Amino acid sequence: MSDNVRFVMHLVGEVAHLSTLRRYGLPDEALREAVRQGRLRRLRRGWYASPAADRDQCHAVAVHGRIGCVSALARFGIWSGETTSLHAQVARNAARLRPEVIAPRSGTPGVWHPKVPDRQRRALRLSTPSAPVVHWRHDPDAANALDWLVSARSALTEAVGCLDPEHAQAAVDSAIAERALNRREVERIVAGAPQRAGLQVDDLCGRLESGVESLFARRLIRAGYVVEPLFELLDHGRFDGMIEGCLLYEVDGWAHHRSYERFHGDRDRTLVAQAFGLPVIRVTAQHVLEDWPTVEAAVVRTLADARTLLSLRGH
């Protein structure tokens, strides 16, 4: 593949329609040559994919649609719940065809939206190989979409009605924290969401830095606890938050410790907190998602012990 074709395919997210590639100045002959050399694939008539394209991208194009709803949220780094199915947005007037998917190489990693900064990228969870969940609708924000992916605004608008209320709220919090959408855009989406969801854009939005942190903190708040996210312990570093003014907490994501420096920094903050007499509770995403009763029991017990110690110390 020529450098030109490779650069443009990377710019558009590794999958594109012929009309888009022409707008970027790629001649048809260059595309035909890339296909002949096996450096581009035709997914269906007028659609091309680079070797870096993943199976969900190919599947969405195969059903004449774009990756949408919760599946699209993940491509922007926004919390997308726990669904394992591909969600695709297909225009209402599209032919309801299910052609065979041209699968990419095994093990091809998920492709992020090209504008997501490298520092925010982690391993993308692809869908299970099954029939996609199809949302038959016209894209109200097509101007900001990619050929294979709806916009962040369209994705969140669809997802808040598709996710359960708790995960929908986590997606709202995450969209603001990741700066995928600004606060005003999210407020408009929330205003149009189903009332049953009870979604809100409040003071916690932007301070809960991940979907799992949102689930953790908002569950405790609903249980009656006072939670302060992003707690600064003097000049010794920032914790994910503080519960009832005496229990610090850290919620570690899927790929939290990717370096020795980060691993050591977390332990250093914990050591300093304990030197101040402040207990720290650490949980993982898996704990929050799969074993909440144990997490809650640990918070209740550790908080009771912390209050007892503070009382004995006269604080």
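**A friendly note on this predicted model**

1. Let us begin with R22, which counts as partly exposed because its relative accessible area is 45%; here buried means under 20% relative accessible area, exposed over 50%, and partly exposed in between, with a 1.4 Å probe and protein chains only. This is a predicted model, in which local features need pLDDT of at least 70 and side-chain atom pairs count only at pLDDT 80 or more, while totals for chains, interfaces and linings use all residues. Residues are numbered from 1 along each chain as its sequence is written, and side-chain values use heavy atoms, with hydrogens and water left out.

2. What does R22 pair with? R22 forms a salt bridge with D28, and the closest N and O atoms are 2.6 Å apart. A salt bridge is a side-chain nitrogen of Lys or Arg within 4 Å of a carboxyl oxygen of Asp or Glu. D28 is partly exposed too, with a relative accessible area of 26%. The structure holds 19 salt bridges, and a network of them links E29, R32, E33 and R36.

3. Now look at R75, whose side chain meets that of D54 in a salt bridge of 2.7 Å, N to O. This pair links distant parts of the chain: R75 is in helix 5 and D54 in the loop between strand 3 (47-49) and helix 4 (55-62), 21 residues apart. Helices (H or I, at least four residues) and strands (E, at least two) are DSSP runs, numbered from the N terminus. R75 counts as buried at 4% relative accessibility, and D54 is buried at 0%.

4. R75 has another salt bridge, with D56, at 3.9 Å from N to O. Here, too, distant parts of the chain are linked, with D56 in helix 4 and R75 in helix 5, 19 residues apart. Both residues, D56 and R75, are buried.

5. Helix 5 covers residues 69-75, and C69 is found in it. C69 has a positive phi of about 50°, although it is not a glycine. C69 is buried, with a relative accessible area of 2%. E14, also not a glycine, has a positive phi near 75°. E14 sits in the loop between helix 1 (3-11) and strand 1 (15-17), and E14 is buried at 10% relative accessible area.

6. How many of the 13 residues of helix 7 are buried? Ten are, so helix 7 is largely enclosed by the rest of the structure. Among them are H167, A168, V172 and I176. Helix 7 (residues 165-177) should span 18 Å at 1.5 Å a residue, and its end C-alpha atoms are 18 Å apart, which agrees. The expected span is 1.5 Å times one less than the number of residues.

7. On the surface, F7, L11 and Y24 form a nonpolar patch with about 310 Å² of accessible area together. Patches are made of residues with over 30% relative accessible area and no salt bridge; like charges are joined within 9 Å, and nonpolar side chains (Val, Leu, Ile, Met, Phe, Trp, Tyr) within 5 Å. Accessible areas come from the Shrake-Rupley method with a 1.4 Å probe, and for residues only the protein chains shown count as cover. L11 is in helix 1 and is partly exposed at 36%.

8. Finally, V227 is found in strand 7 (residues 227-232) and is buried, with a relative accessible area of 11%. V227 and L204 are 23 residues apart in sequence and 9.7 Å apart in space, C-alpha to C-alpha.
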